[in-house]
Each structure stands twice: as structure tokens, then as C-alpha cells.
Amino acid sequence: MRILIPAIILSVIGCSDTSSLDTSSKAELVTKTSENQVVQHPEWSKDASIYEVNIRQHTAEGTFMAFEADMDRIADLGSEILWIMPVQPIGIEKRKAKGVLFIEDVENLKERKKYLGSHYSISNYTATNPEFGTIDDFKAIVNKAHLLGQKVILDWVPNHTSFDNIWVENGHKDWYVLDSLGNILPPNPDWGDVADLNYENDSMRLTMIDAMKYWLTEANIDGFRCDLAKEVPLDFWEQAIVELKKINPDIFMLAESELPDHHRKTFDMSYGWYAHHIFNHIATQEWPLDSLMAYMKWEEKNFSTNDYRMMFTTNHDENSWNGTVLERMGENHKPMAVLAFTYFGMPLVYSGQEFGNDRRLKFFEKDNIQKPHPELQKFYKTLIKTKKENRALWNGTYGGRFMRINTSNDTDLLAFRRVRNDNEVITVINLSGNKQQVNFVKEIEGNFVSVFNAETLGVYTSGTKELAAHGYQVFVKK
């Protein structure tokens, strides 16, 4: 589900203080004590990256079986986690089509069914969308992923359902937020195709948890990406995780949220939304590179090093609503991907990103990812491999901290290092349209070799070679 980022992100331009980047009025920051840091991440997640799967748009067929045929290629890219967008059936009542237009004037059921609607308007939590296939087809995806050494997390929509969800049909209107006349309300006027759930109802909570348990037991998935997690009471997540871990102690939980409290007892990872929007602005050089340093101060103030944070240059929301990476980042889309993979946190690749998809995929209708640049697969495979092979780039406390390296041109060049034990990685990106000399203020000791070619850091810092316009390099100490 789309999230609107608060205007307060603009304060990061000032670079001197990020305290105004309040995550939400709903939650207060907790003291960083050991008793609060109770989430134990699965061992397998320490060096993982994540690949988001949009089943509907991933192939021309838009089915589980068609996606299964592409899984070997995706596994070869190297991402350990497959996040699969919602696979449940979509409601028909108040279904959206063609953006935000409602089909209220279409009474004919066949006519309304022509429009596919939002993945996030679910009519039955424990069934599969016939558009995609059967539960056995989905199980086949999960089984194959496990054979390929991957984990599967399912997109979960806990904040709302469709208006014709089976819960409504079974007489559970009290499980929803109602107006004074007893009518079910949407979460807000813009989301008129979905019905807001009432978390003051204990029966609804227990049924929601049972539905989540269904996918763990029936399909053997490895966790959940939880849509709009911050709109659901924190104590629900604390209640749910106890039950879910009885089935799978190594469950992996991703919150569409930027609330530090979500990390204390429930979620392994949350969204780096603020970081992403800074990425968009520095890619166009609208904001200075110093905004990244201001953001890092905010990050370190509000989050523990144990908290996994997801870094990305695109996802299903950004692509559909705000534009492709080419639209938002232009010729800097590759150096920004390098930044997302090496800055800190767990990097994400979205369906079609590895092909240079240059289309805003339709959100409510069938569409297909475009593949204009299949050669980009090698680029993303190199980034994923570099992350996995270098402990300095691992997730959370397993990895090293971001440390900026000052250059003689910090307006156009960003250089930084991450170090963990005897492993050290240096990233350099050039966001300008001109070649740049890479002159470090302080000399770097050691031999560093590029992961993209045989060049060394020394050929740049000695002035022998210039970094290309919109160029990038990632060097590993040998």
C-alpha cells in the first residue's frame, strides 16, 4: 500500500540537525537497553538481500506457474529472500480500476470483474487469487525457492480488507470500524475500495493470527512483509509474533514502517523510507550529499545497530506512483543502486529492476515489466555477490558502520568505507555529469581492487584515472 512521506523530510536539507525527523506521533522512541533489543534475527539473514515479486506483472501470463519458470534466473542473481506481493483473492465490491476511478455506476458483476483491482483489497485471507493459480501452485513456488536456497515472505495486509471480505459476509461487521449508522468505513477517503479493521475486537485479532498461521503451516513460508504495519497497534504484533514463532522460530518479519518500536519484539526489518527519498533528491543533485550524513545521525539516534533497515531505489509503490528509477534518478540510477547496496541495511531489487524496466507498472490492471537492458542483470548480480562475500556490508550488527571519506570535491563525489574485522569496502560514486578526479583528503592505506573490473583504488587516487560522469566503483581491500 502506498505511503505518503511527511513533509518534515525536507528538514534534512539543513544537514545540521535531523531531530525533526519524527517517525510518528503514535509511538515514542524507546531507550536503547539490552532488554529492549529482544529480536533475534535468523542466522541465514545476516548477509541476505531481498527481491520483491509482483506476480501479476512479472510475466505475460501473470501466474504462479509462469513465475516459477523464472525462478532459476532470479536465484542466479543471488537474493536470498523472495518477498511476494499479496496472493489472495481481490474483492469485487467497490473495486478500483484505472487509477483512482471507482466503478460505482457499473452494477453488472461481469463488467466489474473485468478490472483486476488492488492486490491490497483482500476478500479471503486463506485462499489464493484464481488470477494467479491454486494453493498447490503457490506451494510449488515455495518448495522450489527452498530447493534453490531462498526464503519466501508473503505480503500481509492487516489494516483493512475488501468490503466483501468473507468476514463481512459471515456477519462480523463488528470486526470493522463503523460510522454512527453502522456502516463500515474505509481507513481514509482516498482508499474507498477497502474496509478499515477494528483492532479493539479480540475475536478479529485471533482470527487474523490464525490466518497468518495458515500460510506458515499450509504453504511453509518463512515470514511476512506487513503492509502499513504502523497503522496496526503494536501490541497486536507482539501478540502475533509469540504465536507465529511457535510454528517457525526462525520467521522473518518485514514492517512497512519507520517506527523504531517495531524492532524491539516483533520485526527484523523496517523500511528506509526517509533514506529512499533522500536518494531521489541527491540523484538529481537537488539536495547536497551532506544530507546523507545528516540522515545517518538521525538513524543512529533512533535505531539500534541490531535493527535491519531496507534500502531501495524502487519498489511497487514508487514505480507505480512516483516513476521508474530512470524518471526519478536519471543517469544516476546505477550509482544510486550502488549506494543502496553499500550504504547500510538490506538492499531490495524489485521485479524488472534488473532489466532496467522503464514503465510505470499499472497498479490496478494487468501490465508487463519491460526488459530494455538485460545486461543490467550482471550489474545487480555483482552487487548482490559483493554484499554476500564481504562481511563489512552485512546486515545490522553483523556488518560495519558507514564512515565518510572526505575528498577534494564533496559536492559531486561521495566516498565512504565500511569495515568489519579484517574486511574493508570502499565505495565511490560521481553524481555529476563530468569526469572527476578522486582525491582523498587523507591517504588510504592498503591495496583495494574494484569488484566491477581489475582497476585498483590507487589508479584513481594517484590521478592516473578519472571517475566517469555518473560513475561508480566499489573496492575491496585485498
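**Strand β1**

I began with strand β1 (residues 50–53): Ile50 and Glu52 point one way, Tyr51 and Val53 the other way, and all are buried. By buried I mean under 20% relative accessible area, with exposed over 50% and partly exposed in between (1.4 Å probe, protein chains only). Strands here are DSSP runs of E with at least two residues, and helices are runs of H or I with at least four, numbered from the N terminus.

A note on what I am reading: this is a predicted model, where local features need pLDDT of at least 70 and side-chain atom pairs count only at pLDDT 80 or more, while totals for chains, interfaces and linings use all residues. Residues are numbered from 1 along each chain as its sequence is written, and side-chain values use heavy atoms, with hydrogens and water left out.

Next I looked up the partners of β1. It runs parallel to strand β2 (residues 81–84), joined by four bridges, and I found valine 53 opposite isoleucine 84. With strand β12 (residues 346–350), β1 pairs in the parallel sense over three bridges; there tyrosine 51 stands opposite valine 349. Two strands count as paired if DSSP finds at least two bridges between them.

Arginine 225 has leucine 254 of β9 as its bridge partner.

**Helix α8**

I checked the length of helix α8 (residues 234–247): its 14 residues should span 20 Å at 1.5 Å a residue, and the end C-alpha atoms are 21 Å apart, which agrees. The expected span is 1.5 Å times one less than the number of residues.

Which residues of α8 are buried? I listed Phe236, Trp237, Ala240, Ile241 and Leu244. Their cover includes α7 (202–218), β8 (223–226), β9 (252–255) and α9 (262–265).

I looked at α7 against α8 as well: their axes come within 10 Å and cross at roughly 35 degrees. Axes are lines fitted to C-alpha atoms, for helices over the stretch in contact, with angles from 0 to 180 degrees between N-to-C directions. Among the residues making this contact are Leu206, Ile209 and Met212 of α7 and Phe236, Trp237 and Ala240 of α8. Contact here means heavy atoms within 4.5 Å.

**Glutamate 299**

Is glutamate 299 buried or exposed? It is buried, with a relative accessible area of 4%, and it lies in helix α11 (residues 290–302). Its side chain makes a polar contact with the side chain of arginine 309 (2.5 Å). A polar contact is a pair of N or O atoms within 3.5 Å; within protein, one must be able to donate a hydrogen and the other to accept it, and residues adjacent in sequence count only if both atoms are side-chain atoms. Not counting residues up to four places away in sequence, glutamate 299 touches Arg309 and Phe344.

**The open sheet**

Last, I traced an open sheet of five strands with antiparallel pairing, ordered β13-β14-β15-β17-β16. β13 (403–405) and β16 (448–450) stand at the edges with a single partner strand each, so one side of each has no neighbour in the sheet. Inside this sheet I picked out β15 (residues 423–430) and β17 (residues 472–477), an antiparallel pair over five bridges. Isoleucine 426 stands opposite phenylalanine 475 in β17.
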